[in-house]
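Subject: Structure handover

Hello,

Please find the structure below. My notes on it come after.

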Amino acid sequence: MTDLIKVNSSNAPVAPGAATDILDVMRTLRDAKQPFALATVVETAGSVSAKTGAKAVVAQDGRVVAGWVGGGCAESTVCHTALDCMASGESEIIDLDLNDEVLGTGMPCGGSMRVYVEPALPKPTLWILGHGRVAESLCAMGAMMDFEVVVDDPMADRERYPTASRLLPDDLSYDRLAPGPDDYVVVATQHKGDHQSMDRCLRSPVCYIALIASRRRSKLVMDYLRGRGFSEEDLRKVYAPAGLDFHARTPDEIALATLSEIVMLRRSGTGAHRRDVIQETRPVPLVA
């Protein structure tokens, strides 16, 4: 079990239908930014121990921490599927045959059931360092893209960043800048301390650091980071200048180009035109 979630001292599962307990556990995991999966029995036939509508929460270590969808190998199958769903981000429906103890789940109960497994993954955080129109547009667009947006800048306030999840106006030395491996950082400090903030970012596990700057300024910052001892492998995390090649001119266009690059990397896109991708994958008609 996870450190955050505790079941009762007998290690017994929460009874089916204990919705309040399940919701509390899901809320706790969500607030702690821990991935989990919700398994729901959607169909049963014959003699099965779990009934339609029974639910269970599976934590990131593959254990049921609340609820119940059956015991024995049925639970094991659900938990393994939950881990796969958390890794892929995709939901899955599994069919459990409880009649065959050799080829099925190993529980000859005389029935079968279908279980819907749905992953719940924490939102990635978009860290915005700096202020100005580009930062404001990034915040608004990032919130629309379902990122948790954190603005770390002395001028950060609710009037400029109404959609931000958190504002850090008193973090002058970036002591509270703590991006995780699945987060994204955009440095838009308008050359004011951008090299120091990127130095700190490179020492974090984050895999994407964007610098809003000209080509000349980007080269100066990259040379500074090399001088600080960062390897070329380290610097591969830095996208400077940031963004896809939109020939962006306005602050809003620069923000759009940067966020498009983030979405492309997050979703493993290619950046190619969708029209061309569709044409390349379209089957060639047979010639008579």
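The notes below go from the whole chain to single contacts.

This is a predicted model, in which local features need pLDDT of at least 70 and side-chain atom pairs count only at pLDDT 80 or more, while totals for chains, interfaces and linings use all residues. Residues are numbered from 1 along each chain as its sequence is written, and side-chain values use heavy atoms, with hydrogens and water left out.

Overall

The chain has 8 helices and 11 strands; these are DSSP runs, with helices being H or I of at least four residues and strands being E of at least two, numbered from the N terminus. Of its 288 residues, 41% are buried (buried is under 20% relative accessible area, exposed is over 50%, and partly exposed is in between, with a 1.4 Å probe and protein chains only). Among contacts with a separation of 6 or more, 55% are between residues 24 or more positions apart (a contact means heavy atoms within 4.5 Å).

Strands

Strand β1 (residues 36-46) runs antiparallel to strand β2 (residues 55-59), and 5 bridges join them (strands pair if DSSP finds at least two bridges between them). In this pair F36 is opposite A59. β1 is also joined to strand β5 (residues 111-120), again antiparallel, by 10 bridges. There L38 faces E118.

Helix α4

Helix α4 covers residues 194-202, and its buried residues are D194, S197, M198, D199, C201 and L202. Their cover includes strands β6 (125-130), β9 (184-188), β10 (209-211) and β11 (238-239), along with helices α5 (215-227) and α6 (232-235).

Salt bridges

There are 15 salt bridges in the structure (a side-chain nitrogen of Lys or Arg within 4 Å of a carboxyl oxygen of Asp or Glu). One of them involves D199, which pairs with R203 at 2.8 Å between the closest N and O atoms. D199 is buried, at 5% relative accessible area, whereas R203 is exposed, at 54%.

R226 and E232 form another salt bridge, 2.7 Å from N to O. R226 is partly exposed at 36%, and E232 is partly exposed at 47%.

Regards
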